[in-house]
Amino acid sequence: MSKARLTPEQLRAVLAQRILILDGAMGTMIQAHQLQEADYRGSEFANWPCDVKGNNDLLVLSQPDIICAIHRQYLLAGADIVETNSFNATTIAMADYQMEALSARINREAARLARQACDEITQQTPKRPRYVAGVLGPTNRTASISPDVNDPGYRNVTFDELVTAYKESTHALIEGGADIIMLETIFDTLNAKAAAFAVLEVFDELGFELPVMISGTITDASGRTLSGQTTEAFYHSLAHVKPVCFGLNCALGPDLLRPYVEALSTVSEAFVSVHPNAGLPNEFGEYDLGAEEMAAEIADWARQGFVNIVGGCCGTTPEHIRTIAEAVAGVSPRQPKPVSHQFNLAGLEAFSPEW
């Protein structure tokens with residue numbers, strides 16, 4: 001018997017009752033294994049024509065036991081939602097490793113492994129189901145910014161190319177068992193629009209919808225995404241997708257991210273998710289913010305009524321997730337802003353004209 005699909009309405013009902021816990025950093029956990037080129041290749045890709053070390057998404061094929069074990073660690077630490085190991089699995093990003101043709105397979109297997117781990121833990125506590133978030137990363141290209149400072153009009157990817165890539169990944173994630181489709185670490189709003197367009201087209205083709213989560217990233221202390229938008233403008237640019245959850249992740253630690261979380265909570269008619277880094281990277285590229293400190297900041301967000309889903313991004317571990325889960329246990333979830341018919345515009349900044 002096939003598993004019943006999670007509907008947007010079902011996830012909204014759960015989010016209205018309690019704060020859900022998202023997992024932590026997959027990359028951080030993979031790095032702890034100190035895998036070498038041969039480990040990334042495994043037996044199937046032993047003779048691949050280029051280096052593949054660093055292609056973490058490939059590990060769902062070459063080291064599936066490691067990926068499944070990481071999912072399991074986060075679930076046992078208290079995660080309600082685990083993200084598929086597919087952040088760079090689009091055909092566009094896989095081109096760096098000459099693996100475009102493997103994109104669909106990697107996405108499908110990433111979802112299958114996460115599904116396997118979630119089902120295993122859900123069996124132990126059937127009244128608390130765990131969910132798989134099928135991740136669509138931002139790709140390594142930007143549709144609204146030129147990569148050539150001498151040619152501002154140049155683009156190395158088109159909207160249609162992004163849509164094609166995202167559609168393939170979305171189909172595969174759903175086939176693998178994803179409950180949720182998550183557009184994550186969005187730094188270019190046009191990329192996000194392409195991803196959202198692709199996801200909605202896939203839903204039309206399949207005849208059903210899954211819950212959608214959108215999570216952008218504030219790149220630095222300017223308080224803007226890489227493509228220049230404020231948090232409020234980014235939200236208004238994508239509110240038409242009607243995601244179940246809208247959030248922020250990556251780039252900043254919880255202390256620096258706080259004002260943007262509060263701003264998003266103020267305007268969002270969707271539920272709000274946040275998964276920050278464990279502080280800013282040190283001179284060695286490592287993250288030093290401990291679990292207790294991080295959990296204390298996030299618990300305050302919860303008490304202030306800012307959030308519905310909390311977890312961790314770069315530098316976070318199962319210990320971070322366990323401590324965050326304990327810190328927000330029993331805290332009432334944020335209630336979304338009532339739906340209004342106010343006319344909102346967004347360029348680099350949000351604008352709500354008074355008529």
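Colleague: Which residues are in contact with T189, leaving aside its neighbours within four places in sequence?

Modeller: With contact taken as heavy atoms within 4.5 Å, T189 meets S227, Q229, F234, S237 and L238, its neighbours within four places in sequence being left aside. Please note that this is a predicted model, in which local features need pLDDT of at least 70 and side-chain atom pairs count only at pLDDT 80 or more, while totals for chains, interfaces and linings use all residues. Residues are numbered from 1 along each chain as its sequence is written, and side-chain values use heavy atoms, with hydrogens and water left out.

Colleague: Is T189 buried or exposed?

Modeller: The scale is relative accessible area, where buried means under 20%, exposed over 50%, and partly exposed in between (1.4 Å probe, protein chains only). T189 has a relative accessible area of 8%, so this residue is buried. T189 belongs to helix α9; helices (H or I, at least four residues) and strands (E, at least two) are DSSP runs, numbered from the N terminus.

Colleague: What span should helix α9 have?

Modeller: The expected span is 1.5 Å times one less than the number of residues. Helix α9 has 18 residues (189-206) and should therefore span 26 Å; its end C-alpha atoms are 26 Å apart, which agrees.

Colleague: Which residues of α9 are buried, and against what do they pack?

Modeller: An α-helix has 3.6 residues a turn, so residues three or four places apart point the same way. In α9, the buried residues include N191, A195, V199, V202 and F203. The buried residues of this helix pack against the strands β3 (131-136), β4 (180-186) and β5 (212-216), and against the helices α8 (159-176) and α10 (231-238).

Colleague: What is found at the start of α9, and what follows the helix?

Modeller: At the start, the backbone nitrogen of L190 has a side-chain oxygen of D188 within 2.9 Å. After the helix comes G207, with a positive phi near 85°.

Colleague: Which other residues have a positive phi?

Modeller: Among residues other than glycine, Q34 has a positive phi near 50°, and T139 has one near 70°. Q34 sits in the loop between α2 (26-31) and α3 (37-41) and is exposed, at a relative accessible area of 63%. T139 sits in the loop between β3 and α8 and is buried, at 5%.

Colleague: Which residues does the UniProt annotation "binding site" cover?

Modeller: Such annotations may be inferred rather than shown by experiment; their positions follow the numbering used here, and feature names are shortened. The unreviewed UniProt entry gives "binding site" for C250, C313 and C314. These residues span 65 residues in sequence, yet no two of their C-alpha atoms are more than 6.5 Å apart, so they gather at one spot. The unreviewed entry also lists "domain: Hcy-binding" for residues 8-328. Over that range the chain is 45% helix and 11% strand, and the end C-alpha atoms are 23 Å apart.

Colleague: Where do C313 and C314 lie?

Modeller: C313 is in the loop between β8 (309-310) and α13 (318-328), and C314 is in that loop between β8 and α13 too. C313 is buried, with a relative accessible area of 11%, whereas C314 is partly exposed, at 25%. Not counting residues up to four places away in sequence, C313 touches A25, N249, C250, H275, P276 and N277. Leaving aside neighbours within four places, C314 has contacts that include T28, C250, A278 and Y287.

Colleague: How many disulfides are there?

Modeller: A disulfide is a covalent bond between the sulfur atoms of two cysteines. Counted as a pair of cysteine sulfur atoms within 2.5 Å, the number here is 0 disulfides. The closest cysteine sulfur to that of C314 is in C250, at 3.8 Å, which is too far for a bond.

Colleague: Where is N85 found, and which residues is N85 in contact with?

Modeller: N85 is in the loop between β2 (81-83) and α6 (91-94) and is buried, with a relative accessible area of 5%. Apart from neighbours within four places in sequence, its contacts include M26, I30, N56, D57 and H71. A polar atom of the N85 side chain lies 2.9 Å from the backbone oxygen of N56. N85 and I106, 21 residues apart in sequence, have C-alpha atoms 8.7 Å apart in space.

How values were computed: Polar contact = N/O pair within 3.5 Å; in protein donor to acceptor, adjacent residues only side chain to side chain.
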